[in-house]
Amino acid sequence: MTLTLIVVLGVFLPVLYRLLVTPSRVDGWIAQHFVAADYGMPPRGQLDGRRAGPPPPAHRAEKRQAVAEAAWAGDWRTAERYVRAAGEDWDERWDRLELLQHIAKEDDSWFHAWRAAEPGNCDAATLHACMMVHRAWEIRGSGYARDVLTSDMNRFRAMLPAAIEEARQAALLDPANPGPWVVMITAARGAHYKPAQFKPLWEGLVSRAPHHYEGHWQALQYWCAKWFGNDRRMMRFARRTVRKAPPGSPLAGIYLHALNELDERAVAVAAPATPMTRSWLKKVAASLDQAEPDDERLPALRHLLAHYMLRAMMYKAALEQFRLIGPWCGAQPWRKDGNPVVAFETARATAAKLSRARPTPTPQIHGMGR
């Protein structure tokens, strides 16, 4: 046996052991010995598979409901003030436009009244373009292109140029507002924009809002293999996003969405147990730790982070994420097999067992967590 072979076996045999032998031993331990409270986590009986995280604060939910009810009653001015009140917090402003888009799906008469009364309002024009993109995507559906009827695909593609033009006109109404550029980036892949066409749209967005979360998520979709990129370009974009994410922003979580994209296409191993993967996951965790604890994107990102840390054999770090998540388990990684409570319980118990953490008799307080 050569020295090289000995070295290779020395590296990979422990990994194979942990992948193939350890899981069966863990399953038995979970069934017989795992007590979540001993590791600072809520007991299984408190797990809630309906949500990824706690509901929004009452005042926030009440405000959103008031905006919806006012709109359905014909009062568009409340909706206009609601969006404008976000100021230059462009992520929040986009989230509020998205809420209005959902409100308009139920009844859009208030929106048409707004457009007629304020044709020069950038938010209203952006909302119109956003609604056009959503309607086009509803016709197409969320499946892969090969599964979409030709007639539906043709209608989808025919609607997007008009939405992009509407967004371009909206951008002229308020040159500082990145909202229209998010719409254009979203529509670009469906409109089959080549990278040379996509580039000025991306530059238009980041020159106005360099850390826009939704804009980055849409760009990630453009660069993935099922659209106009490949795995290498997508992961390069995701890593670059982590590097430039400012403290307190959940933007670094885009890296987790990239790993999830690999998973959805059944690429062999989305998060291999390599030093490089672990390094990037640590960077994401450090960034999320500085995010505002009531950021509504945070719980879903923590679920993905815990999932991929577990896959990367970062058991202690994964256990910490499970402690921060608390009882909420209705998130994507755990819903795939149909029973999120069972999948979540198994995952966090695995993290507890393989981290070799010592049980602690003092339960932690669970909530949104940081």
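At what angle do helix α13 (residues 254–264) and helix α15 (residues 298–311) pack, and how far apart are their axes? Some background comes before the answer. The structure is a predicted model, in which local features need pLDDT of at least 70 and side-chain atom pairs count only at pLDDT 80 or more, while totals for chains, interfaces and linings use all residues. Residues are numbered from 1 along each chain as its sequence is written, and side-chain values use heavy atoms, with hydrogens and water left out.

The protein chain has 18 helices and zero strands. Helices (H or I, at least four residues) and strands (E, at least two) are DSSP runs, numbered from the N terminus. Of the 370 residues in the chain, 48% are buried. Here buried means under 20% relative accessible area, exposed means over 50%, and partly exposed lies in between, with a 1.4 Å probe and protein chains only. Among the contacts in the chain with a separation of 6 or more, 71% are between residues 24 or more positions apart; a contact means heavy atoms within 4.5 Å.

Now to the opening question. Two packed helices are described by the angle between their axes and the distance between the axes. For α13 and α15 the angle is about 65° and the axes are 10 Å apart. The axes are lines fitted to C-alpha atoms, for helices over the stretch in contact, and angles run from 0 to 180 degrees between N-to-C directions. The crossing of α13 past α15 is left-handed, a term used if the near helix is turned anticlockwise from the far one by less than a right angle, with right-handed used if clockwise. On the α13 side, the contact is made by L256, H257, L259, N260 and D263. On the α15 side, L301, L304, L305, H307, Y308 and R311 take part. Sorted by class, this contact has six nonpolar, three polar and two charged residues. In this sorting Ala, Val, Leu, Ile, Met, Phe, Trp, Tyr, Cys and Pro count as nonpolar, Asp, Glu, Lys and Arg as charged, and the others, Gly among them, as polar.

How much of α13 is covered? Nine of its 11 residues are buried. These are I254, Y255, L256, A258, L259, N260, E261, L262 and D263. The cover over the buried residues of α13 includes α11 (213–223), α12 (231–244), α14 (275–288), α15 and α17 (332–335).

Helix α3 (residues 58–72) can be checked for its span. At 1.5 Å a residue, its 15 residues should span 21 Å, and the end C-alpha atoms are 21 Å apart, which agrees. The expected span is 1.5 Å times one less than the number of residues. Within α3, the residues R60, V67, A68, A70 and A71 are buried. Seen down the axis of α3, the buried residues fall within an arc of 165°, so they line one face of the helix; the arc is that of the directions from the helix axis to the C-beta atoms. On the other side of α3, A58, H59 and E62 are exposed. The buried residues of α3 pack against α4 (76–84), α5 (90–106) and α6 (109–117).

K63 is also in α3, and with a relative accessible area of 46% K63 is partly exposed. K63 and Y82 are 19 residues apart along the chain, and their C-alpha atoms are separated by 9.0 Å. After α3 comes G74, with a positive phi near 100°.

Most residues other than glycine have a negative phi, and most peptide bonds are trans. M313, in the loop between α15 and α16 (315–325), has a positive phi near 65° and is not a glycine. R356, in the segment after α18 (340–355), also has a positive phi, of about 60°. Are M313 and R356 buried or exposed? M313 is buried, at 11% relative accessible area, whereas R356 is exposed, at 77%.

A further loop residue is A331, between α16 and α17. A331 counts as buried at 4% relative accessibility. Leaving aside neighbours within four places in sequence, A331 is in contact with A52 and H303. The C-alpha atoms of A331 and P299 are separated by 8.5 Å, although the two residues are 32 residues apart along the chain.
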